[in-house]
Amino acid sequence: MVRFQAIAETITSPIRTIRHPLLHVSPLYHARRDANALVMDQLRLRNIRDQIGQPGYASLSPTALWLCGTIVDAQPGKASIKFVVRREMTDEYGLLHMGILSSMASESLLMSVHTLDLDLEFHCEEINLELHDHAGLAQVITAIAEIDCSENEELTGSCRLHDEHQRLLGTLHCRLLAH
């Protein structure tokens, strides 16, 4: 097992502003909290769910577009995305590059955050990637991510990456802080 760890100074990536009534309560939130507001709160999750099964889901992230994943499932705080290993994702030995595996996990975690309805911006404070096995060209990798938002302005997330034979390829854990 190989461990990779980075601190916020080296990888800080802000996540777009999103809303969540449990984490941020403003006067504007109280003014609009009615039946229509409840419908609007679920709009982001519904938009994500509408893209389930579509290769290359709509994203503002150039990395997500390049990875060309397919959303498998999306629940509040959870997301599952499948990726197919292409030639440009491999190293000179035909194995999936560790950075690409990390990007797949990162995209799944980001999607999990977007399934929530948060009104805060976050940056990655700590990330830990554990590699368990390798993948090769044309393999299908599923990244299953889950976010825990039990802390007020801190999220913790984890992502498990499996191949099509359910072999665990890696796990990624991260801590996101609001700023």
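Helices (H or I, at least four residues) and strands (E, at least two) are DSSP runs, numbered from the N terminus. Read along the sequence, these elements give the pattern β-β-α-α-α-α-β-β-α-β-β-β-β, with 5 helices and 8 strands in the protein. This is a predicted model, in which local features need pLDDT of at least 70 and side-chain atom pairs count only at pLDDT 80 or more, while totals for chains, interfaces and linings use all residues. Residues are numbered from 1 along each chain as its sequence is written, and side-chain values use heavy atoms, with hydrogens and water left out.

Of the 179 residues, 43% count as buried, where buried means under 20% relative accessible area, exposed over 50%, and partly exposed in between (1.4 Å probe, protein chains only). Not counting residues up to four places away in sequence, Ile141 has contacts (heavy atoms within 4.5 Å) with residues including Phe83, Leu96, Met104 and Leu161.

Two loop residues deserve a separate look. Most residues other than glycine have a negative phi. Cys68, in the loop between α4 (62-67) and β3 (70-75), has a positive phi of about 55 degrees and is partly exposed, at 37% relative accessible area. Ala138, in the loop between β5 (120-131) and β6 (140-148), has a positive phi near 75 degrees and counts as exposed at 53% relative accessibility.
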